[in-house]
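Me: I would like to go through this model with you, one region at a time. Could we begin once the structure is displayed?

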Amino acid sequence: MTQNEQQLEIKKQILTEIKKWETIIIHRHERPDPDALGSQVGLAELIKTSFPEKMVYTAGVDNKTLAFMATMEVPADEDYEDALVIVVDTANQPRVDDKRALDDPQRLIKIDHHPEEDKYGDIQWVETSASSCSEMITEFWQTFPEDLVLSDEGARLLYGGIVGDTNRFLYQSTTPQTMRLAATLMEKDFSATALNNAMNEMGPKVAQLTGYVLEHLKVSANGVAHIILTQEILDRYSLTDEETHAVVSLPGSIAGVYNWGIFVQQPDGTYRCRLRSKGPIINEIAKEHDGGGHPLASGANAQDLAEIETILEKFEQAAIDFQKQVADE
Ligand code: AMP
């Protein structure tokens, strides 16, 4: 069987399960980004529109800054008693938002585009070549045109997820297939401009933080950039940890920067490390520091400043290796 045939087989199994269950609960990862919400609630919309008699719930904590995308319809404990659980966009079990998903579910399906570190679930559909989990859900819809109907709202959510994870179709993960699928979504009746504007917009606090980051960012001779956002800085701009998402891609727009980290201090004194790259592979480094993710977009946790130093040393080496590799090609 070719890889495509295998993937089709898995998609057919997923459709069969969706048809079989009356109650379906969809989870995604903690601290959701547009792709987590887009794929979660986009899939919920797809199921609701295609099978209006089913009960479909979405679990997890709302992200207030992304309320324009979607909010949750959280299930009660008893809803899990006879339900299909689908977890989207979540590579490993510890990152699942609302662990009831893993509490001995009747049937569990994993749908994800991250490198496969944790093989959980009765059925796993993992496509690391997909730009986003929202792209996978869009492809799922397109694979079964006779069974599945997507509403305009579903298309808006999936489109938002693709835009979010590709940074507006800028990242290397954007393929011709991404564009084809995004185009099918755009044919639905929603305003992509309004959605893009909402995703693009920043409040005055984030605008100030942007200024702070650009002014205080440290860039090494090898092209490694970093900044530490202490609790004091977050307090100064009245920002939550989540809102720092808005500045994560910023250092990448500076010429000569290859890989970078935004280190956000947590109330307990540890640091959430938001790691990004334009070339050097960084997810292996993230894994060594209680994290993981994609080759060019990862997250980790550092206990203290010394651990941040260690991560930065590894980033320096990755930047050097990458530049050498490019020069040799
Ligand atoms: P973030 O900077 O939190 O937006 O994370 C970027 C990407 O890194 C996410 O899409 C996840 O794939 C991954 N990631 C972040 N934090 C972790 C973690 N603690 N463990 C594993 N993967 C993570």
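**Helix packing, sheets and cores**

Reply: The cover over the buried residues of α5 includes α3 (133-143) and α4 (152-165). Buried means under 20% relative accessible area, exposed over 50%, and partly exposed in between, with a 1.4 Å probe and protein chains only. Helices (H or I, at least four residues) and strands (E, at least two) are DSSP runs, numbered from the N terminus. This is a predicted model, in which local features need pLDDT of at least 70 and side-chain atom pairs count only at pLDDT 80 or more, while totals for chains, interfaces and linings use all residues. Residues are numbered from 1 along each chain as its sequence is written, and side-chain values use heavy atoms, with hydrogens and water left out.

Me: Which residues of helix α5 are buried?

Reply: In α5 (residues 176-186) they are T178, L181, A182, T184 and L185. Seen down the axis of α5, these buried residues fall within an arc of 155°, so they line one face of the helix. The arc is that of the directions from the helix axis to the C-beta atoms.

Me: And what is exposed on the other side of α5?

Reply: P176 and R180 are exposed there. As background, an α-helix has 3.6 residues a turn, so residues three or four places apart point the same way.

Me: Changing topic: in what order do the six strands of the open sheet run?

Reply: The order is β6-β7-β8-β9-β11-β10, with mixed pairing. Two strands pair if DSSP finds at least two bridges between them. The edge strands, each pairing on one side only, are β6 (218-219) and β10 (292-293).

Me: How do β6 and β7 pair, parallel or antiparallel?

Reply: β6 and β7 (residues 224-229) are antiparallel, over two bridges. V219 has A225 of β7 as its bridge partner. The two strands form a hairpin with four residues between them, and G223 in the turn has a positive phi of about 90°.

Me: What about the other neighbour, β8?

Reply: β7 and β8 pair in the parallel sense over six bridges. I227 stands opposite I262 in β8. As for burial, five of the six residues of β7 are buried.

Me: Which helix lies across β6 and β7?

Reply: Helix α7 (residues 204-216) does, running at about 130° to β7. Helix α10 (residues 305-328) also packs on the sheet, touching β7, β8 (259-265), β9 (271-277) and β11 (297-302), and its direction makes about 170° with that of β8. Contact means heavy atoms within 4.5 Å. Axes are lines fitted to C-alpha atoms, for helices over the stretch in contact, and angles run from 0 to 180 degrees between N-to-C directions.

Me: Now β3, please. Which residues are buried on each of its faces?

Reply: L84, I86 and V88 are buried on one side of β3, and V85 and V87 on the other.

Me: Which strands does β3 pair with?

Reply: β1 (residues 23-27) pairs with β3 in the parallel sense over four bridges, and I26 has I86 as its bridge partner. Five bridges join β3 to β4, also parallel, with L84 opposite R107 in β4.

Me: Which residues have the most contacts inside the largest nonpolar core?

Reply: They are I18, L43, I86, I111 and F140, in a core of 39 residues. A nonpolar core is a set of buried Ala, Val, Leu, Ile, Met, Phe, Trp, Tyr and Cys residues joined through side-chain atoms within 4.5 Å. Not counting residues up to four places away in sequence, F140 touches K11, I14, L15, I18, L46, W125 and L148. A second, separate core of 18 residues includes V213, L217, I233 and L239.

Me: Last topic, the loop between β3 and β4. Is N92 buried or exposed?

Reply: N92, which is in that loop, counts as buried because its relative accessibility is 19%. Its side chain makes a polar contact with the side chain of E117 (3.4 Å). A polar contact is a pair of N or O atoms within 3.5 Å; within protein, one must be able to donate a hydrogen and the other to accept it, and residues adjacent in sequence count only if both atoms are side-chain atoms.

Me: And what is the phi of D104?

Reply: D104 has a positive phi of about 55° although it is not a glycine. D104 is also in the loop between β3 and β4, and counts as exposed because its relative accessibility is 69%.
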